[in-house]
Amino acid sequence: MEDRTERCLRLAREEHFCPHCQQQLSCCEAPPFHVGDGLGWGTDIIFVCLNDECSLYVKGWQEFEDRYGHSASCRYILCPGSEKGESMMVGGPNAFKGSEINIDTLMAQNARYRREKEAQAKLATCVAENNLEPVLYLLTDEHAELAVRKQACELLLQLKDLACIDPLRNHSFRNTDLEQQVNMTILELLKMLHRKECPACAEIVKSQAKTCKHCGQAL
Ligand SMILES: [Zn+2]
Ligand SMILES: [Zn+2]
């Protein structure tokens, strides 16, 4: 199934033109509800003519003033998949501006999403392959799905790889639940492998060590 980002990217690459001024329409995020009827757009993306010189928009100010005596105008808008656009009332020149879809941002989001899905797919085989990488990737990607990150965390005890500790300790988790799970898992992993962290330098040493071999701290 096409996800939202892919759909936005596909639509943002479409070219549509305003019948009033022939300028290319901008691909924008639709406002949460339809100002005209309050019924919703049926779409999250709309194409809008944002040209301030557009005849529809320029004439609109005078027409609204004459007809209704208030300050407003119209922009030409087109919903994805429709042949014919419509006039949308706007209260000022900045309506819809700022909600333009930014292809670069979307591409970056899409690339991140793909990496998350790839890492998620690798979780099934990472223990057999001794591959810590997808687990670390998911645990340190704050945008990845929480359930998947928790699942990744559970695999740490099967991977038994102490190399996970530094990157996880250096990462700041926004979700305190996950942070706690990670901290508990690290402690369990150390215990399982008969290791401990030096309280002075944070290096990992044997559980039985009386002094830290890295900094000399008495343990
Ligand atoms: Zn126009
Ligand atoms: Zn130490």
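Tutor: The model is predicted, so local features need pLDDT of at least 70 and side-chain atom pairs count only at pLDDT 80 or more, while totals for chains, interfaces and linings use all residues. Residues are numbered from 1 along each chain as its sequence is written, and chains are lettered from A and ligands numbered from 1 in the order in which they are written.

Student: How many helices and strands does the chain have, and what makes a run count as one?

Tutor: The chain has 7 helices and 6 strands. Both are DSSP runs, numbered from the N terminus: helices are H or I runs of at least four residues, strands are E runs of at least two. Along the sequence the pattern is α-β-β-α-β-β-α-α-α-α-α-β-β.

Student: What span should H7 have, and how far apart are its ends?

Tutor: The expected span of a helix is 1.5 Å times one less than its number of residues. H7 has 17 residues and should therefore span 24 Å; its end C-alpha atoms are 24 Å apart, which agrees.

Student: Which class does Ala-202 fall into, and why?

Tutor: Ala-202 has 14 other C-beta atoms within 10 Å, so Ala-202 is partly exposed. Its loop runs between E5 and strand E6 (204-206). Ala-202 is not a glycine either, yet has a positive phi of about 70°.

Student: What makes Arg-13 exposed?

Tutor: Arg-13 has 9 C-beta neighbours inside 10 Å, and therefore counts as exposed. Arg-13 lies in the loop between helix H1 (4-12) and E1. The C-alpha atom of Arg-13 is 8.5 Å from that of Ile-103, although the two are 90 residues apart along the chain.

Student: What makes a set of residues a nonpolar core, and which residues touch the most other members of the largest one?

Tutor: A nonpolar core is a set of buried Ala, Val, Leu, Ile, Met, Phe, Trp, Tyr and Cys residues joined through C-beta atoms within 7 Å. The largest has 20 residues, of which Leu-25, Ile-46, Phe-47, Val-48, Cys-49 and Ile-77 touch the most other members. Strands E1 (26-29), E2 (45-48), E3 (73-78) and E4 (86-90) each supply at least two residues of this core. A second, separate core of 14 residues includes Ala-119, Leu-155, Ile-165 and Leu-168.

Student: What is Leu-25 in contact with?

Tutor: Two residues are in contact if their C-beta atoms, placed from the backbone, lie within 7 Å. Leaving aside neighbours within four places in sequence, the contacts of Leu-25 include Phe-17, Phe-47 and Leu-78.

Student: How do you know whether the chain has the radius of gyration of a compact globule?

Tutor: The radius is taken over C-alpha atoms, and the globule rule is 2.2 Å times the number of residues to the power 0.38. For 219 residues a compact globule would be near 17 Å, but the chain has 28 Å. The C-alpha trace spans about 90 × 35 × 30 Å along its principal axes.

Key:
Buried ≥ 20, exposed ≤ 12 C-beta atoms within 10 Å, placed from the backbone.
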